[in-house]
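Me: Hey, I'm new to reading protein models. Can you walk me through this one?

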Amino acid sequence: MPADFGHLLLQLRRQARRTQEQQAAAINAVSGRETMTRREINRYEHGENIPTNHTLAHIAVACGLPPEQLQREAAAARERRRNPVHRDGEEGIDVLNRRTLMGGALVGAAAAAAAAEPWGRLAHALGGGAKIDADSADTLARRASALHISEHHLTAQQLRGQVESHLDAITAALPQAGQHERALTVAAGETAALAGWVAWDLGDHRTAHAYYKVTADCAEAAGHPPLRALALGYASYGAHTPNRAVELLAKAAQDVRGPGNGAAAAWIHARHAEEAANAGDDTAALRALDRARIAYDFADYTAEQAWVQFMTPARMDSLVLSVYGQLGHQQLSDAAADTMERLGQDLSDSGVVILGDLAHALLQGGNIGHGARVAHQFAAAAQTRPNTMGRARAAAVAARLPSSQRDLAHHLQELAA
């Protein structure tokens with residue numbers, strides 16, 4: 001293949017400010033498969049191979065171009081390879097076409113890439129224009145949902161690159177979204193929220209706040225209130241005081257009313273109960289917990305938004321336990337037994353947090369022996385699957401352990417640090 005088409009692919013990647021590995025990840029995010037590699041990108045850019053039209057469509061979407069435009073350039077490159085002798089003036093036409101492609105069609109992607117950070121590029125891309133095909137839009141939206149489900153079994157460090165690559169892919173596609181703009185804006189907001197959660201999980205609170213802000217922007221642009229509730233719910237974990245968290249969650253509750261939001265409403269109300277109990281408002285905590293339980297009775301966490309699929313019965317139990325433990329509620333022991341039965345042995349990141357909630361609730365409620373036994377299980381699980389919420393639980397559990405569990409407390413303090 002003549003080097004000029006490879007150079008075009010190289011320029012497209014540079015316009016998006018990606019390494020070859022990041023370009024491969026962005027293309028995989030569009031295709032929904034992990035088939036593209038850095039080596040293959042290198043072969044394309046050095047003129048050793050021409051991508052198939054199917055692959056070119058994924059490359060185009062990842063770079064913010066209409067697929068047919070890049071496919072036409074590839075067809076011309078194949079023709080030049082078959083017939084290397086050009087007619088007079090043909091090369092000049094090809095150069096003009098390539099300049100038009102780079103200078104015109106790439107305006108949206110280049111402008112989006114001008115911002116220094118992924119959330120900045122996404123904020124710039126909101127409110128796009130031309131067409132993207134339905135299959136590509138659907139693939140991008142489904143990939144956003146799949147990433148939220150992946151969060152159940154991948155660590156934040158493992159997930160971060162995948163989430164940021166997918167966010168870049170959606171950002172590049174938004175200016176060409178056309179009739180799919182709302183669906184892609186919602187998918188972008190969901191991906192940005194997950195990127196914020198991952199950043200917070202890794203201790204980068206400034207970045208998390210920026211992602212949550214652009215998630216709220218996506219919710220506003222798409223007219224999709226539950227997306228704003230997602231950002232507020234995630235942000236509540238990083239609030240400076242329980243009262244501030246309660247304020248955020250009260251706002252979020254307004255965005256998850258109505259059918260199809262049962263699991264989201266249960267999560268928001270249960271978090272409200274947790275923070276109200278933390279603030280010492282027992283009455284408000286029990287009322288919010290009642291609202292959470294009523295909402296969960298009508299919820300189906302497996303069929304609603306992908307981002308609420310963490311709200312399993314065991315996770316709902318753990319939120320109840322957290323509230324009961326803070327209130328010293330008489331039903332704490334029975335609730336703890338139900339949670340352990342639901343939880344089983346195969347722990348995800350959320351399962352580790354549930355164990356921490358359970359240990360802390362038992363210790364806080366005065367069941368020291370049982371709480372210490374669960375704390376040992378939690379320490380082993382948290383060592384294997386470290387995350388920010390797990391570290392916070394480790395510090396809380398360590399502070400509640402009796403002096404006879406000094407070694408365990410020290411170990412948990414090290415995990416928390």
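Me: Which residue forms a salt bridge with Arg228?
Reply: Arg228 pairs with Glu220, and their closest N and O atoms are 3.8 Å apart. A salt bridge here is a side-chain nitrogen of Lys or Arg within 4 Å of a carboxyl oxygen of Asp or Glu. Keep in mind that this is a predicted model, where local features need pLDDT of at least 70 and side-chain atom pairs count only at pLDDT 80 or more, while totals for chains, interfaces and linings use all residues. Residues are numbered from 1 along each chain as its sequence is written, and side-chain values use heavy atoms, with hydrogens and water left out.

Me: Is Glu220 buried or exposed?
Reply: Glu220 is exposed, with a relative accessible area of 60%. Arg228 is partly exposed, at 27% relative accessibility. The cut-offs are under 20% relative accessible area for buried, over 50% for exposed, and partly exposed in between (1.4 Å probe, protein chains only).

Me: How many salt bridges does that rule give?
Reply: The count comes to 15.

Me: Where do Glu40 and Arg43 lie?
Reply: Both are in helix H3 (residues 38-45), three residues apart, which is about one turn of the helix. Helices are DSSP runs (H or I, at least four residues), numbered from the N terminus. Arg43 is partly exposed at 29%, and Glu48 is partly exposed at 48%.

Me: New topic: what angle do H12 and H13 pack at?
Reply: About 165°, with the axes 8 Å apart; H12 covers residues 205-222 and H13 covers residues 225-236. Axes are lines fitted to C-alpha atoms over the stretch in contact, and angles run from 0 to 180 degrees between N-to-C directions. So H12 is roughly antiparallel to H13, a label for angles over 145 degrees.

Me: Which residues make the contact?
Reply: On H12 they are Tyr212, Thr215, Ala216, Cys218, Ala219 and Glu220, and on H13 they are Leu227, Arg228, Ala231, Tyr234 and Ala235. Contact means heavy atoms within 4.5 Å.

Terms used: Helices (H or I, at least four residues) and strands (E, at least two) are DSSP runs, numbered from the N terminus. Angles under 35 degrees count as roughly parallel, over 145 as roughly antiparallel, 65 to 115 as roughly perpendicular and the rest as oblique.
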